[in-house]
Amino acid sequence: MDSLALLAFSVPLSAWGLSRAYVWLIVENGHATLSSYLFFLALSALAVKLSLSLFRKHRFECRSRALGCGPVAVSPHKDPVLGLDGFLKALRALKSHKLLDFYAVNFASYGKTHYTIALGKWVLMTNEAENIKTILSTKMDDWPIAGPRLFATLPVLGPNSIFTSNGEAWRRARALLKPSFERDQLTDLRCFDRHIGNMLSKIPADGIAFDMQSLLLDMTMDSSTDFLLGYSTNLLTKASPEAEHFVNNFEYASRESAKNARLGPILYYLPHPGLQKAVHALREYVRVYLKKAMAEKEQHAGIKHRSYVFLDELLKANPPEDYTIDQIISILIAGRDTTAVAMTAVFYFLARNPAVVNKLRAEISSISGDTPTWEQLKHMKYLNNIVKESLRLFSPVGTNSRTSNKETLLPRGGGRDGSKPILVPEGTPVRWSSHVLQRSKEVYGPDADEFRPERWDDLRVSWEYIPFSGGPRICPGQQFALTQIAYTLFKFFKTFHAIEAQDSGPFLAKASLTNSLPYGCLVSVRRA
Ligand code: HEM
């Protein structure tokens, strides 16, 4: 039944019901007490609210039709109010590390754009590249970051960080950070070199199984802190007790943030002394290096006294102390796990594809010496295709979301075949999955689930490939991450001849702030 028919039916019915309730309760039974009046008032308020929401729904549908929009599919729910059945299914998928598959099944079953209910809230799911482009780029201002992602990171990053802010506050943070990601900085590979060397020296001798993911997590923490603060945590060599404490707090804060993302406002408004203590300790650790960098800036007044450090670059704009700390912690959260997990996935796929490794080694051996330049790395076509293909099959940020701040149009998803535009009400959360989109058979062909770097020789895609997101909020660390991954691969295959998988289970993804491999990535190597 459409909303007009419901309206025509329900308004006279509730008026009649209310008048009957009044006569029965107050006139006939003489219950003219305060509680019966209050009961009657509550009943009336409910009826008015229901009629008003039906009226609004009707007006919304009229506007939607006038704009040429179509209705959107709705996923079926046994519990149509809270959607508890869907929530429990998602929870089970999360626990068995199959949440990304759960999204894939839902998109295949209910359509590329559909509504679902999550704990009483209507959520728009869309995997239409055109819709994602509209949300992230063309109409970005209608779609701020809100909801779970915000609840997840606010307690750790505060409202001013590039990661949690919107509008003017976000533009200010982005402008401050932009110069620190300029190309010149990226071409200086010395910062990675030492940490990659430390990691390679920890890899056990021929044939012994080890977890590549945990080594890569240590390496990216060492290189990120070195790059950002000018002082590495040195987890792979001789970490100080302060550095170890910092890393423990960082990992604890990330885990608790992921819980906030799942339970949203429920946890966000409850006090969490453990998290507060960890965040305080994180900030104080960064403050020590910030103070050192400020002192060195005064002492050296414009003279370059050490190789590139992100903090030195930031301080050129004289930002306030706590604001700077917000941004540094944001970048560490945004860049450390993502890069480590992206590299883990590359090694996961290579360990299962010896023919790809042979082709990669041939390309690497065409470059003399053990230390490539930035330009050489950029021109290694096959190596870059491998990284691209791995990020297609496994994006560390496998899903993403925004919330509409006004009634707004999306170009697709309406009508029987989903080709009409849709009108989205204000306050609607929208979620999409780069992971599912990047495995679309429509775009990537029937072998979309296979690891085949050669497909990138002639494949041209746009918004169907978004491991680093897109639009003005595109990941500013993209080149930094890609360079670090390429450099690691180069050095790894100059040292080792082959890599073999030592686990045989299916590919699973543990969903947290970033997806990771729940049981690590067990491999063994042979020396070159
Ligand atoms: C393979 C590694 C990486 C992947 C897959 C990745 C992915 C992403 C994605 C998908 C977003 C968009 C999030 C959203 O729209 O909600 C993002 C944002 C961001 N990333 Fe990355 N990232 C990676 C590495 C890095 C690195 C190394 C850094 C810094 C050194 C970094 C810094 C940031 C920042 C600051 C943002 C927020 C940008 C903004 O809101 O304007 N990322 N990243």
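Which element supplies the largest share of the shell around the ligand? In this predicted model, that element is α15, with six residues. The legends below treat the ligand site and a neighbouring topic, the sheet.

**View 1. The iron atom of the ligand and its protein donor, C475.** C475 belongs to the loop between α20 (441-444) and α21 (478-495).

**View 2. The shell of 25 residues around the ligand.** R149, W170, R174, R473 and C475 are the closest of these residues. At least two shell residues come from each of α7 (167-177), α15 (321-350), β5 (400-403) and α21. Sorted by class, the shell comprises 15 nonpolar, six polar and four charged residues.

**View 3. Side chains facing oxygen atoms of the ligand: W170, R473 and N400.** An N or O atom in the W170 side chain lies 2.8 Å from a ligand oxygen. For the side chain of R473, the corresponding distance to an oxygen atom of the ligand is 2.9 Å. A polar side-chain atom of N400 is 3.1 Å from an oxygen atom of the ligand.

**View 4. The open three-stranded sheet, ordered β4-β10-β9.** Pairing in this sheet is antiparallel. The edges are formed by β4 (210-211) and β9 (496-501), each of which pairs on one side only. Strand β4 is joined by two bridges to β10 (residues 522-527), and D211 stands opposite L522 in β10.

**View 5. Helix α21 across strands β9 and β10.** The helix runs at about 105 degrees to β9. α21 also supplies at least two residues of the shell around the ligand.

Notes. Residues numbered from 1 in each chain as written. Predicted model: local features only at pLDDT ≥ 70, side-chain atom pairs only at ≥ 80, totals over all residues. Heavy atoms only, no water. Donors = N, O, S within 2.8 Å, 3.2 Å for Na, K, Ca; no water. Helix = DSSP H or I, 4+ residues; strand = E, 2+ residues; numbered from the N terminus. Near = heavy atom within 4 Å. Polar contact = N/O pair within 3.5 Å; in protein donor to acceptor, adjacent residues only side chain to side chain. Nonpolar A, V, L, I, M, F, W, Y, C, P; charged D, E, K, R; others polar. Pairing = 2+ DSSP bridges. Contact = heavy atoms within 4.5 Å. Axes fitted to C-alpha atoms, helices over the stretch in contact; angles between N-to-C directions.
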